[in-house]
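Please look through the sequence and the model shown here, and then follow the account below, which starts from a single residue and widens to the whole chain.

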Amino acid sequence: MTRVFVIGTALFLCGCASNGSDQKGSDLQASCEALVSAETGVASGDVQATSTQSEATGTVVSVSVAGAEAPWICRADVTGVITDVEYSQEG
């Protein structure tokens with residue numbers, strides 16, 4: 001009986017941790033989309049996060065902008081604070 005309780009508790013906690021992490025990623029993507037929209041002057045409906053990568057120094061979100069030839073890059077530190085937003089192509 002104790003094993004079932006421990007396994008059930010572990011699965012419950014894993015589910016919470018995963019959802020919390022997913023929520024943080026979604027919040028970061030939304031913040032990056034808003035910042036890129038403001039930076040480019042493109043309507044928010046035409047800006048979309050396309051990928052998110054975790055790195056040792058934080059997170060990098062690629063953001064697609066309608067009409068742009070390359071994605072915008074949004075960087076956040078390990079605490080989730082956005083530190084940089086830039087176009088990935090020179091010009």
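Val-63 is in contact (heavy atoms within 4.5 Å) with Cys-32, Val-36, Val-47, Gln-48, Ala-49, Thr-50, Pro-71 and Trp-72, leaving aside its neighbours within four places in sequence. This is a predicted model, in which local features need pLDDT of at least 70 and side-chain atom pairs count only at pLDDT 80 or more, while totals for chains, interfaces and linings use all residues. Residues are numbered from 1 along each chain as its sequence is written, and side-chain values use heavy atoms, with hydrogens and water left out.

Val-63 also belongs to the largest nonpolar core, a set of 12 residues that includes Cys-32, Val-36, Val-47, Ala-49 and Trp-72; such a core consists of buried Ala, Val, Leu, Ile, Met, Phe, Trp, Tyr and Cys residues joined through side-chain atoms within 4.5 Å. At least two residues of this core come from each of helix 1 (2-40), strand 1, strand 2 and strand 3, where helices (H or I, at least four residues) and strands (E, at least two) are DSSP runs numbered from the N terminus. In soluble globular proteins, nonpolar side chains tend to be buried together.

Ser-62 lies in strand 2 (residues 58-65). Ser-62 counts as buried because its relative accessibility is 16%, the term buried meaning under 20% relative accessible area with a 1.4 Å probe, protein chains only. Beyond residues up to four places away in sequence, Ser-62 touches Gln-48, Ala-49, Thr-50, Ser-51, Pro-71, Trp-72 and Ile-73.

Strand 1 (residues 47-55) and strand 2 run antiparallel and are joined by 8 bridges, two strands being paired if DSSP finds at least two bridges between them; Gln-48 stands opposite Ser-64 in strand 2, and strands 1 and 2 form a hairpin with 2 residues between them. Strand 2 also pairs with strand 3 (residues 72-77), in the antiparallel sense and over 6 bridges, with Gly-58 opposite Asp-77 in strand 3.

Together, 4 strands form an open sheet with antiparallel pairing and the order 1-2-3-4. Strand 1 and strand 4 (82-87) stand at its edges with a single partner strand each, so one side of each is left without a neighbour in the sheet.

Over the whole protein chain, the secondary structure comes to 1 helix and 4 strands, following the pattern α-β-β-β-β along the sequence. Of its 91 residues, 21% count as buried.

Key. Buried means under 20% relative accessible area, exposed over 50%, partly exposed in between (1.4 Å probe, protein chains only).
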